[in-house]
Amino acid sequence: MVGQSEGRRAVLLEPFVHQVGGHMSMMKYDEHTVCKPLVSQELSFYESLPLAMRQFTPQYKGVVFVHLKKDSLGNLTLLASPSLQPEGCGRLDNASTDIWHKYKRAASSSSSTELFKRCHTQLTKTFKDSCPGKMRLRTDLQYCTESLLEDANRNQTEKNSYNPWGLHCHRQHLNRMSSKYNENKLHQFLLLENVVSKYNYPCILDLKMGTRQHGDDASEEKKARHIKKCEQSTSASLGVRICGMQVYQADAGHFLCKDKYYGRKLSPEGFRQTLHQFLCNGNHLRTDILEPIILKLKALLSVIKKQSSYRFYSSSLLIIYDGLEHKENTAPLDNHLQGHFQKTNCTTSHSRVDVRMIDFAHTTFKGSKCNHTTYDGPDHGYIFGLENLIKILQNISEGK
């Protein structure tokens, strides 16, 4: 049971606005930490993570207890236990919570663009006041209330100036929890490093890796469903498929976004074209980041080849870079944002990139607490996907 005093002191969890893929909601705990529902198999992976893989995974920060909270208007929020709150971040007061409710209502309304923007600005200011020096919501991004749209041929248009996938997952997660559990039920969540916190405009590609996506514990129905998805997508032909994407368009000042449904429909050539699109900022191809990405992927490939018995079923690989180039002619920024970038540019390399493996709920390995089957040798499906990804990027780099 959660007491009233704890409820008032709890950390209000926000939707993670840079979640581009997956179905499980990822939430922002603080500037450098995200959290997600705990799955014992994933916890087992992080607790026994091989040293060589640590540079390619988010830092595991522990476990926090979370519970649902519903106000008098029926608005649902998730609150984390204050006893595990990182130091340096103030508690949110009632005013912050009220603004957050307005923000969520605006985000779910198709006719509330101005209200959404006002609430976003007000919420950011309140969060900055309660957490000095920390941007709880990034005002350097342009938001809108559009959903991912499709034309008559069911092709997604590119009219989004923010990625709505995180809010979509968050709403679904809250609805699932509220239908199954009462407010006092405590849930365990994993605390993980926010791997995009150091970027001004995080460009993120979420890739579902490997030729097999179902875990050993999958039902026959789920197994058949995942096999069909792989057969009908680039998972079978390339060992990798696009699960989500956001890339900053410097010429227009917004993000170009794609989701997993778009990724499933791609042919191998469509995959290559979308990968090329991920590396374009609206003005030109980011040739400065190609070699660093390829080098990191080759380093990861070398590590994966040495991980005997590991199978990373249904895991994803994130490729991340900063959409803000040094001395780039981007869309105009207001005075506040100019000041923000003047502070951050001095420590930001225009060619900085990152490659991280995520989502290990179905990963299995010898000695795992949740081990169902023991495998020999490395994960060849994952290796197949990495090798094809590297080849495609090399071809793009060479202008092929």
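Let's start at Val 11, which has Ala 80 as its bridge partner in E6. One thing to keep in mind as we go: this is a predicted model.

So, Val 11 takes us into the sheet. Strand E1, residues 11–12, pairs with E6 in the antiparallel sense, and there are 2 bridges between them. E6 itself covers residues 76–80, and E6 also pairs with E5, again antiparallel, over 5 bridges. If you want to find that pairing on the screen, look for Leu 68, whose bridge partner in E6 is Leu 78. Another spot to look at is Lys 70, which has Leu 76 as its partner in E6.

E5 and E6 make a hairpin with 5 residues between the strands, and in that hairpin Gly 74 takes a positive phi near 85°.

Now, how many of the residues of E6 are buried? The count is 5 of its 5, so the strand is mostly covered, by the under-20% cut-off for relative accessible area.

Let's go back to E5, residues 60–70. E5 pairs with E7 too, in the antiparallel sense, over 6 bridges. Tyr 60 is part of that pairing, with Leu 192 as its bridge partner in E7.

Tyr 60 belongs to one aromatic cluster together with Phe 45, Tyr 46, Tyr 310, Phe 312, Phe 360, Phe 365 and Tyr 382. Across the structure, the count comes to 15 aromatic pairs. Take Tyr 201 and Tyr 248: their ring centres are 4.0 Å apart and their planes sit at 40°, so this pair counts as tilted. Where are those two in the chain? Tyr 201 is in the loop between strand E7 (187–193) and strand E8 (202–209), while Tyr 248 is in strand E9, residues 240–249, so the pair ties together parts that are 47 residues apart in sequence. Both Tyr 201 and Tyr 248 are buried.

Tyr 310 and Phe 312 are stacked, at 5.7 Å centre to centre with 20° between the planes. These two residues are buried as well.

Arg 212 lies over the face of Tyr 313, at 3.9 Å from the ring centre. Lys 258 does that with Tyr 262, at 4.4 Å from the ring centre.

That brings us to charges in general. Side chains of opposite charge can pair when their charged atoms come close. In this model, there are 10 salt bridges. Let me show you a few.

One of them joins Glu 269 and Arg 272, with the closest N and O atoms 3.2 Å apart. Both are in helix H9, and because they are 3 residues apart there, about one helical turn separates them. Glu 269 is partly exposed, at 40% relative accessibility, and Arg 272 is partly exposed too, at 24%.

Next, Arg 286, in the loop between helix H9 (268–278) and helix H10 (287–304). Is Arg 286 buried or exposed? Buried, with a relative accessible area of 0%. Asp 288 is partly exposed, at 22% relative accessibility. A polar atom of the Arg 286 side chain also lies 3.0 Å from the backbone oxygen of Asp 322.

Further along, Asp 354 and Arg 356 form a salt bridge, with their closest N and O atoms 3.0 Å apart. Here both partners are buried.

And the last one on my list is a network: salt bridges link Lys 36, Glu 42 and Asp 359.

How values were computed:
Residues numbered from 1 in each chain as written. Predicted model: local features only at pLDDT ≥ 70, side-chain atom pairs only at ≥ 80, totals over all residues. Heavy atoms only, no water. Helix = DSSP H or I, 4+ residues; strand = E, 2+ residues; numbered from the N terminus. Buried < 20%, exposed > 50% of the residue type's maximum accessible area, 1.4 Å probe, protein only. Polar contact = N/O pair within 3.5 Å; in protein donor to acceptor, adjacent residues only side chain to side chain. Salt bridge = Lys/Arg side-chain N within 4 Å of Asp/Glu carboxyl O. Phe/Tyr/Trp six-rings, centres within 6.5 Å; stacked < 30°, edge-to-face > 60°. Lys NZ or Arg CZ within 6 Å of the ring centre and 35° of its normal. Pairing = 2+ DSSP bridges.
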